[in-house]
Amino acid sequence: MRSVRFNKFGHDSSIKFDFVKKARYFFIFSIAITVLGIASLGIFGMHYGVDFRSGSSVDISVKKDMSGQKEAIEKYLADNDFGKPNLTVGSSRVTIRFDDVLDPAKEKELKAGFAENFDKDASAEVNTVDVEIAKELERNALIAMLVASIGIMLYVSIRFEWRFALAAIVSLVHDAFIVISVFSIFQLEVNLPFIVAVLTIIGYSINDTIVIFDRVRENLRFSKIKKPADLDDLVNASVGQTLVRSINTVLTVVVAAVCLLIFGSEAIKLFSLAILIGLVSGAYSSIFIASPLWLVLKKKQKPKTAVKTPAAS
C-alpha cells in the first residue's frame, strides 16, 4: 500500500490508512445492505404502530411488576374477545395496541378487567387514531424528511459545491435507509418517535460529514493538485486528520444512547435503538462513503482550459 504523507497538507497525523483504495469495499458493503433492505421492504414491509394506522393504543401504568405476566395477559385478552393485539409488557408499564378502534364499551371492559385480574391500582390511557389521521401523519413525516434533505442539499451547495452536496445527501439517505432496513428486517414498530429519531440521525450525520468536507476544502485550497493521486492523498489526509474527532464524538453520543436503551422506559426503547443504529451508520458513512464519493465525482470534473492572454498569443 502506498504510504500517505499527511504532513504535506499542513497537518501531521499518525493515522496511515488508505481510505480511498478501500472505498470500493465499503461501497459494495453499503450497496449490499441497501439491496437487502429493499428486499425486506418489498417482502415484509414496515411494522407500523398505531400512529400510522388506524386503531387504539392502551397504555397501562401498573404498581406491580408485570414482566412475567405476558402469557396471562394474552390469555385474558383472547378469552374476552379482544383478539390478538400487539402486547408489550414491562416491569411498570403494559402497552396493548389494537388494529381496530375500541368502542367505549370495550375500553371500559378492558380497564375494569385488567384492574380486577392483574392490578387493582392500574391506570389506563387510551389513544385512538382513525384512518385519515394516520394517513396525514404518514404524509407529514415523509414531507418532513424530504424538506430536511432538500434544505441540507441547498445549504451544502451554497457553502461548498454541488459535489459535496450530492455526496452528503447520498450519505444521509444511506444512514436513514440503514435504520429503516433494520426495523423492516426485524419487524420493529415504526411510530412518531421513530420519525424523530430518523430526523435526529440526519442532523447528526450531516454535522459529522461537514467537518470532514471542511477539512477537504481547506486542504484543497492550499495544495497543488497535479495528478489524480494527489487528490487521493488529499482525501486520505483529510479523513485521517478528522478521524479521531469523529470517533470520539460518536462514542460520546453512543454511550448516552446505550444508557437510554438499557435504563429507559419501554416507550423510548425503540427510539433509543433507532438513534444508536443511526449514530453508528452516520459515523461510518461520513468516514467511508461521503468523502470517497466526492472524490469519484471530483475526478470526473473536466479540467479547466487555460485562457491565453494577448501577450502570450
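Helices (H or I, at least four residues) and strands (E, at least two) are DSSP runs, numbered from the N terminus, and two strands pair if DSSP finds at least two bridges between them. This is a predicted model, in which local features need pLDDT of at least 70, side-chain atom pairs count only at pLDDT 80 or more, and totals for chains, interfaces and linings use all residues. Residues are numbered from 1 along each chain as its sequence is written, and side-chain values use heavy atoms, with hydrogens and water left out.

**View 1. A hairpin links strand 3 to strand 4 through 3 residues.** The two strands are antiparallel and share 4 bridges. Within this pair, Leu 87 lies opposite Ile 96 of strand 4.

**View 2. The open sheet has 4 strands in the order 3-4-2-5, with antiparallel pairing.** Its edges are strand 3 (86–89) and strand 5 (123–129), each of which pairs on one side only. On average, neighbouring strands are turned by 10° against each other, direction ignored; axes are lines fitted to C-alpha atoms, for helices over the stretch in contact, and angles run from 0 to 180 degrees between N-to-C directions.

**View 3. Strand 2 (residues 55–61) and strand 5 run antiparallel and are joined by 7 bridges.** Asn 127 in strand 5 is the bridge partner of Ser 57.

**View 4. Helix 2 (residues 70–79) packs on the sheet.** This helix touches strand 3 and strand 4 (93–98), where contact means heavy atoms within 4.5 Å. The direction of helix 2 makes about 145° with that of strand 3.

**View 5. Helix 3 (residues 104–117) also packs on the sheet.** Helix 3 touches strand 2, strand 4 and strand 5, and its direction makes about 155° with that of strand 5.
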